[in-house]
Amino acid sequence: MKQADPQCDIERLYLEVSIINGSTSLPLHTSIALFLLSYTECSSFHVYLVTDQPDALQSLSGLVPEGLVVADVRKEELPALVRLCRLPAALEPDAGFCRAGLAVVLRRIIQRTCQLTPGRRDVASLLGFKNTCLKACAEVSQWTRLCELEIPSSVEKHLENPTEETFQLPAAILNLEKRLGEPVKVHNDDKIRRQKLQQQRNSSPSDSQLNGPNTEIGVQGKGDAHGVELSAALAKLSVDAVPSVSTRERSDIRKVRSTDLPELEHVFAEGLYFTLTDVVLLPCIHQYLISLQKHNPLILSHLPLLLKWYQRVQELPVVSRAAKDCGMALLNLSTTDPCPPQPEFPRPSGAEQESPTVKQEPFIGGPRPTLTKLQENGIDAVFSPHPCPSWTIDWESLPAAVNPTEGKMSDARAVRKQQQLNNLVAMVTEMAQPGQTVVDFCSGGGHVGIVLAHMLPKCQVILIENKEESLVRARERCTQLGLTNIGFIQTNLDYFTGNFHIGVALHACGVATDMVMDRCLQARAGFVVSPCCYGFIQNTLKFNFPKSARFAETLSYKEHMILCRFADQTAVSLPLERRLIGKGCMGLVDLDRSWAAETHGYSVKVMTMVPEGCSPKNNMLVGKPAR
């Protein structure tokens with residue numbers, strides 16, 4: 001472990017350190033990041049452990065990989081963008097581009113490793129098929145939420161009081177055990193499944209009976225039904241792996257229908273291949289198994305698939321090396337002992353359910369019964385008049401890089417984008433005061449934030465976006481403009497925790513609008529948001545619909561979903577009458593949102609952008625906190 005130079009011009013990685021009862025330890029998110037740094041042998045970061053505890057580095061020396069350049073830093077000394085985020089966070093040398101959140105930071109470590117050593121196919125393969133492993137944010141992906149948030153938090157909660165549970169398993173651990181028992185689907189799996197069938201038919205009759213498609217994963221061996229899966233998995237792990245030579249199956253194998261082929265079984269967490277998900281899970285499951293072995297070893301028998309996965313992972317030499325480098329003494333747990341009778345575990349319920357998604361049933365009869373019910377209870381969509389309908393940005397006088405016409409869009413769409421920006425910028429500039437911070441949530445390529453940064457030079461503007469490609473394009477435009485009052489944070493909304501004065505979002509999809517409004521309410525910030533994709537609205541771990549008391553007293557969740565579904569019926573290609581009904585449903589959904597915000601001491605107006613044709617989703621909610 002080498003000491004970092006705070007002035008060094010290199011990307012910095014900030015990791016959290018915990019102090020429990022005066023003792024220094026590493027949270028799981030920090031342990032996972034350090035494990036990946038060792039696994040990839042990545043040296044393109046200087047690591048900063050955030051702690052106010054003196055001599056923290058000395059007490060953690062056995063848990064931090066030897067080859068890393070490490071320093072400690074106090075919270076009050078963190079760079080401005082990092083202070084706005086939950087750790088871990090990675091900051092580029094110019095301090096203007098920050099990546100925050102576990103999945104985002106881990107993907108960055110892999111990206112940097114591959115940039116510096118392009119031949120590391122084993123590292124590149126961690127991102128999975130089409131580089132999508134843990135790419136979808138936790139708000140929309142059940143799998144990302146399970147691996148990035150639920151399992152680490154469940155394990156850490158267990159470790160705080162390991163003796164509290166008696167034959168109880170956290171819902172997240174149960175969900176993972178269940179996932180490991182599900183059939184595997186991978187790209188081009190038809191070919192692998194035919195190879196598996198051929199292997200089964202080449203076995204003796206007795207072996208064939210034992211090695212059917214539903215047989216549990218066994219140890220390696222000549223007649224192992226898991227042999228094809230394991231061969232495919234290990235081929236991906238080789239640094240200098242070459243594509244396997246394609247061989248033609250026997251005619252009897254080719255004639256078998258796909259539906260009759262044997263299912264593939266898990267080798268690693270996501271299926272056949274070792275991915276970033278396994279890297280995330282190993283430190284978590286390792287700590288959990290250590291605790292169970294010490295305090296309640298009998299419960300291990302209820303996790304047979306998880307134990308098999310744990311044993312499989314540690315057989316990889318690179319995993320063993322990285323684990324040793326990070327002070328992880330991997331356990332050698334038996335997975336072949338017969339399991340005692342298993343008591344029935346309570347199934348997760350409510351917020352613990354594997355998925356908060358409620359499947360929408362087909363709607364019959366349209367929205368009219370729901371609209372009638374609202375009208376009978378005195379609830380109608382109310383749109384406030386636009387305070388400055390003729391206000392417009394002087395687009396001709398602005399530098400070219402500010403104008404959305406410079407982006408990759410048609411002229412007609414660029415004009416509509418200008419009109420949308422006129423509306424949002426008018427509301428924000430009316431609120432903003434010199435020295436304040438404006439956050440452009442779900443910023444995309446930065447159309448809103450860049451205009452605001454140019455027109456409000458005495459304000460700080462921050463762009464928040466999960467897609468790296470979009471933020472990179474926005475930064476390139478800002479470099480052309482020479483803007484110095486703008487920052488970029490690639491993260492999920494939940495990882496942005498800083499204070500600000502005004503939040504803005506143009507066409508934040510589904511519950512993203514509700515997440516933006518929620519962050520504004522927490523910060524007591526004003527907001528200007530234009531919702532989109534109402535049909536994607538659904539109950540989540542954080543939000544239940546309807547949101548306001550009056551709507552909830554009148555409509556059921558299903559009736560509210562009817563409003564959301566028909567709020568998307570506003571496309572210009574639809575008949576006028578249908579579009580008017582859609583506009584009314586949009587207004588009612590946003591009225592519910594506005595009433596919910598008003599209970600937090602806000603004044604909220606729902607208005608229509610001008611001209612109305614600038615977008616089929618032309619609603620705008622403008623909220624100001626009571627001072």
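Me: Helices are DSSP runs of H or I with at least four residues, strands are E runs of at least two, and both are numbered from the N terminus. How many helices and strands does the chain have?

Reply: The chain has 22 helices and 15 strands. This is a predicted model, where local features need pLDDT of at least 70 and side-chain atom pairs count only at pLDDT 80 or more, while totals for chains, interfaces and linings use all residues. Residues are numbered from 1 along each chain as its sequence is written, and side-chain values use heavy atoms, leaving out hydrogens and water.

Me: What makes a residue buried, and what share of the chain is buried?

Reply: Buried means under 20% relative accessible area, exposed over 50%, and partly exposed in between, using a 1.4 Å probe and protein chains only. Of the 627 residues in the chain, 55% are buried.

Me: Why is H1 called largely enclosed?

Reply: Helix H1 covers residues 28-40. Of its 13 residues, 13 are buried, so the rest of the structure largely encloses H1.

Me: What span is expected of H1, and what span does H1 reach?

Reply: The expected span is 1.5 Å times one less than the number of residues. For the 13 residues of H1 that gives 18 Å, and H1 reaches 18 Å from its first C-alpha to its last. Glutamate 41 follows H1 with a positive phi, near 55 degrees.

Me: Why is H19 called mostly covered, and what do its buried residues pack against?

Reply: Eleven of the twelve residues of H19 are buried. They include Met515, Val516 and Leu521, and also Asp514, Asp518 and Arg519. Contact means heavy atoms within 4.5 Å. The buried residues of H19 pack against strands S12, S13, S14 and S15 and helix H22.

Me: What describes the packing of two helices, and what are the values for H12 and H13?

Reply: Packed helices are described by the angle between their axes and the distance between them. Axes are lines fitted to C-alpha atoms over the stretch in contact, and angles run from 0 to 180 degrees between N-to-C directions. H12 (residues 276-295) and H13 (residues 304-314) pack at about 115 degrees, with axes 11 Å apart.

Me: Which residues bring H12 and H13 together?

Reply: Among them, Leu281, Ile285 and Leu289 in H12, and Leu306, Trp309 and Val313 in H13. By class, the contact has nine nonpolar residues, one polar and one charged.

Definitions and conventions
Nonpolar A, V, L, I, M, F, W, Y, C, P; charged D, E, K, R; others polar.
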